[in-house]
Amino acid sequence: MAQKHVLFTFNNAPYGSIWYTEGLRAAVGATSGIDEHTVDLVYLGDGVYFTLKDVDRTDSARYLGTLTKGGYRLKAERESLEARGISAADLAEDVEVISRADVVELVKIADLTIDF
Amino acid sequence: MATLGMLLTLGPFQFENWDTAASIAEAALDKGHEVRMFLYLDGVYNPIKHQTFPDLSVMPKDRFAALVEKGATIIACGVCVNARGLEKGKDYIDGVKVGGLPDFAEIIGEADALITL
Amino acid sequence: MANLYLIGSPAGRNGLELAKKDGEAAVLLIQDGVYLDASAIAETGKKVYALRKDAEKRGLTNRFSGSVELIDYGKLVDLIFAHKVINFA
């Protein structure tokens, strides 16, 4: 038993599959256990479509609420946004844009990684 | 000896992830490692008791039963189990537990390596 | 501990992009990940592995040059514990 830092990546766009919200549920689960693991939440590839400001977040609001209360932010990869013609103005307020090099740094500090 | 944590999120009969997961778990157990697997989302369909499919010579449930026999811990997400109308105890092969995300958090704490499929 | 990018689906492309930028990366292609082109990574001297069984059943073994090492499940397990696994399966 030990506290771990876990990198969660979200690689699929909502809503054709359930990964966007079940991944958040799993992240809440990881932070809520006895070990109180910490997480990073990173959106890559088509996953960045979840970070658009007008996306309906009804079914993930509960998980996002818990995570933001814990001080976590959603991090979207700049290169993935640019490749899809998404600008910073299109993003929700709780989204932070980071570079691919920053994502690699998050990979390096993580103990374990999980992809959704 | 090390502990391999596994997260399996896809079910049998449609994607090959279950086969990959079972094969990796077998190889890890054969090398004397511990395996602790959490079944999430459709992953909970893998070790259910009643499976028949003529195209497969070995049913997924039997591969998972063999893992349990070799000492693997397999825990299914209870919310996912209930969502699919499955029942703890009744629908699962012996040795597979129905638990919850706290169990997954525990696996994260214990795992030397984690793979997600 | 170097990072082992476990690439097992088309979304694994996201992982390959990270591996390109990660100086300590190795790549392991499994499942449909064996369809992805990791040659640019192998050319930079980073180690690229592919699960032999998954490449074989897709008829792809000839497409892997000497720069990609085909491995079995036993070796995969050894690699998993010798690296930090970066999951994209």
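How much space lies in the largest pocket? The points below begin with that.

1. The model is predicted: local features need pLDDT of at least 70, side-chain atom pairs count only at pLDDT 80 or more, and totals for chains, interfaces and linings use all residues. Residues are numbered from 1 along each chain as its sequence is written, chains are lettered from A and ligands numbered from 1 in the order in which they are written, and side-chain values use heavy atoms, with hydrogens and water left out.

2. The largest pocket holds about 430 Å³ of space. A pocket here is an open set of points on a 1 Å grid over the protein atoms alone, where a 1.4 Å probe fits, with protein on both sides within 12 Å along at least five of seven lines. Its volume is the space filled by probe spheres set on the points, which are joined across faces, edges and corners.

3. The lining of the largest pocket (residues with an atom within 4 Å of a point) comprises 22 residues. Nearest the centre are A:Trp19, B:Leu10, B:Asn17, C:Ser9 and C:Ala89. By class, this lining has nine nonpolar, 10 polar and three charged residues. In this scheme Ala, Val, Leu, Ile, Met, Phe, Trp, Tyr, Cys and Pro are nonpolar, Asp, Glu, Lys and Arg are charged, and the others, Gly among them, are polar.

4. The second largest pocket has about 180 Å³ of space and a lining of 18 residues. C:Arg13, C:Asn14, C:Leu16, C:Glu17 and C:Lys20 lie nearest its centre. Two or more lining residues each come from helix H3 (78-83) of chain A and from helices H1 (12-21) and H2 (39-43) of chain C. Helices (H or I, at least four residues) and strands (E, at least two) are DSSP runs numbered from the N terminus. H1(C) gives the most to this lining, with five residues. The classes here are six nonpolar, four polar and eight charged.

5. Which chains meet, and through how many residues? Chain A puts 19 residues in contact (heavy atoms within 4.5 Å) with 19 residues of chain B. Together they bury about 1,500 Å², 69% of it on carbon and sulfur atoms. Buried area is the accessible area (1.4 Å probe) that two parts lose on being put together, summed over both.

6. The area buried between them is about 1,400 Å², with 62% from carbon and sulfur atoms. On the chain B side, B:Glu16, B:Ile24 and B:Lys31 supply 31% of the area buried against chain C, more than any other three residues.

7. The interface of chain B and chain C has four salt bridges. In a salt bridge between B:Asp19 and C:Lys53, the closest N and O atoms are 3.3 Å apart. Eight residue pairs (both at pLDDT 80 or more) are in polar contact between chain B and chain C.

Notes:
Salt bridge = Lys/Arg side-chain N within 4 Å of Asp/Glu carboxyl O. Polar contact = N/O pair within 3.5 Å; in protein donor to acceptor, adjacent residues only side chain to side chain.
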